[in-house]
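Hi,

Here is the structure I promised to pass on to you. Have a look at it first, and then read my notes on what turned up.

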Number of protein chains: 2
Amino acid sequence: MERLKQKIMQEGKVLSDTVLKVDAFLNHQVDPVLMQAIGEEFDSRFKEAGVTKILTLESSGIAPSVMAGLYMGVPVIFARKKKSLTLMDDLYSADVYSYTKQESNEISISKEYIQQEDTVLVIDDFLANGQAAWGLIHLVEQASADLAGLGIVIEKGFQDGGDELRQKGIRVESLAIIESLKQGEIQFSKEEAAV
Amino acid sequence: MERLKQKIMQEGKVLSDTVLKVDAFLNHQVDPVLMQAIGEEFDSRFKEAGVTKILTLESSGIAPSVMAGLYMGVPVIFARKKKSLTLMDDLYSADVYSYTKQESNEISISKEYIQQEDTVLVIDDFLANGQAAWGLIHLVEQASADLAGLGIVIEKGFQDGGDELRQKGIRVESLAIIESLKQGEIQFSKEEAAV
């Protein structure tokens with residue numbers, strides 16, 4: 001997605017060979033117009049997939065997911081990383097380790113919002129080692145719902161998560177795939193560039 | 001906002017005299033079409049306020065804020081409840097006690113996203129005792145920015161937060177004000193009903 005890649009080039013900050021900070025438009029400050037374009041792009045890629053629900057993870061997945069939900073005409077569920085007093089019903093839960101935050105979180109959704117009849121699109125802001133993606137997929141599996149695939153805003157192509165998911169036959173649509181962050185330079189994957 | 005109140009009546013669950021659960025469309029599952037209408041309503045109420053940034057708190061404030069930001073043409077910043085490895089710059093921070101989660105959180109934003117020249121609209125999903133609202137206002141104060149006011153999706157009118165804020169001269173626009181949850185029944189404030 002050309003517009004997203006331009007934004008990453010302009011406002012992304014390379015903190016190390018593996019860490020890209022996009023707090024200027026996605027993870028802390030959010031650009032609503034870009035989120036709208038991202039939502040439209042996910043809709044166009046998954047239009048024929050029969051999606052009935054979008055599942056994401058708080059907090060950075062919410063903005064792109066709600067825009068995708070608006071275009072696709074389906075509700076969005078955001079999995080929570082902690083149980084709150086008002087989220088105590090029957091839950092589906094999965095463990096997710098975050099390398100960025102260096103902690104393990106149990107993520108949960110209320111059973112009532114994903115049913116066996118649903119076809120679920122999982123959306124997340126980043127795909128690196130795939131920990132969060134697998135956690136979300138496990139929630140879909142527990143609900144015995146169908147998985148339409150994964151919609152990812154930024155994939156770190158130099159980490160294993162995306163390849164492992166695709167090797168398992170899971171459809172992964174990443175709007176920007178980063179091949180390398182070496183020497184402070186953002187290189188996109190050529191494959192994505194052709195899309 | 002009539003459409004929001006209808007949704008609250010249809011899908012809100014009264015858990016006690018003080019707790020209203022709106023996980024079906026706002027706090028866990030999100031209705032993107034309703035969020036769009038909420039964003040449009042905040043835009044219409046604050047159109048003349050010269051807003052340059054929207055500030056909210058993860059996670060439930062994000063969806064209505066991003067839609068408001070889209071209508072108003074301004075970026076959204078969501079304050080974080082924990083510091084992550086990629087959020088370690090100079091921060092503005094404030095303490096917020098959550099009665100729902102029974103824990104105190106330090107909320108933070110990166111200094112670079114709110115400047116002295118900004119006019120900030122604070123948006124949140126709920127206003128009850130005002131803890132989160134005051135935390136967000138303190139962040140705006142630390143940045144020496146102007147506060148346009150507060151945009152609240154659901155105010156619990158039977159708790160003190162809203163009155164205290166208004167008494168301090170802060171503009172509070174709540175799209176639905178609940179007067180009572182007693183005996184499992186949702187009563188809206190007549191004042192709001194007239195809007």
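Let me begin with the place where the chains meet: 45 residues from chain B and 46 residues from chain A take part in the contact, where contact means heavy atoms within 4.5 Å. Please keep in mind that this is a predicted model, in which local features need pLDDT of at least 70 and side-chain atom pairs count only at pLDDT 80 or more, while totals for chains, interfaces and linings use all residues. Residues are numbered from 1 along each chain as its sequence is written, chains are lettered from A and ligands numbered from 1 in the order in which they are written, and side-chain values use heavy atoms, with hydrogens and water left out.

The size of an interface is often given as the accessible area lost when the parts come together. Here, about 3900 Å² is buried between chain B and chain A, and carbon and sulfur atoms give 58% of that; buried area is the accessible area (1.4 Å probe) that two parts lose on being put together, summed over both.

Two salt bridges are counted between chain B and chain A (a side-chain nitrogen of Lys or Arg within 4 Å of a carboxyl oxygen of Asp or Glu). One of them joins the side chains of Lys13(B) and Glu112(A), at 3.2 Å from N to O.

Which element gives the most to the side of chain B that touches chain A? That is H3(B), with six residues. Helices (H or I, at least four residues) and strands (E, at least two) are DSSP runs, numbered from the N terminus.

Val30(A) has Val76(B) as its bridge partner in S5(B).

Finally, look at His28(B), in the loop between strand S2 (20–21) and S3 of chain B. His28(B) counts as buried because its relative accessibility is 0% (buried means under 20% relative accessible area, exposed over 50%, partly exposed in between, with a 1.4 Å probe and protein chains only).

Enjoy exploring!

Note on methods. Pairing = 2+ DSSP bridges.
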